[in-house]
Amino acid sequence: KIGLIDDWSKAASEIPFAPFISIVSAPKKHTTFNGRDIDEVDCDIISRLVFMQTMHKAHPVTGTIALGAAARIPGTLVY
């Protein structure tokens, strides 16, 4: 639908790195991948990155830069 590939069924094999997206939400209590409990008051935003059709266990620099830029742009969800 966004024009990355003509046949969506080939996306995982032909363009596994795209799209590289971030899912953001308001802070809330959650548990990290390594089992650490995080309270809502200990974070300002929650951001998870989808990379190669799975949730990334870290927050890579590419996503961090985009998140930081979005935080500076009035009107964005992150701002």
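## Residue S47

S47 is part of strand β4, residues 46-51 (a strand is a DSSP run of E with at least two residues, a helix a run of H or I with at least four, both numbered from the N terminus). The model is predicted: local features need pLDDT of at least 70 and side-chain atom pairs count only at pLDDT 80 or more, while totals for chains, interfaces and linings use all residues. Residues are numbered from 1 along each chain as its sequence is written, and side-chain values use heavy atoms, with hydrogens and water left out.

With a relative accessible area of 11%, S47 is buried (under 20% relative accessible area; exposed is over 50% and partly exposed in between, with a 1.4 Å probe and protein chains only).

## Partners of S47

Beyond its neighbours within four places in sequence, S47 is in contact with S22, I23, V24, H59 and L67 (contact means heavy atoms within 4.5 Å). The S47 side chain makes a polar contact of 2.8 Å with the side chain of S22, and another polar contact, of 2.9 Å, links the side chains of S47 and H59. A polar contact is a pair of N or O atoms within 3.5 Å; within protein, one must be able to donate a hydrogen and the other to accept it, and residues adjacent in sequence count only if both atoms are side-chain atoms.

## The whole chain

The protein has 2 helices and 5 strands, in the order α-β-β-β-β-β-α from the N terminus. Its C-alpha trace spans about 45 × 35 × 20 Å along the principal axes. Of its 79 residues, 15% count as buried.
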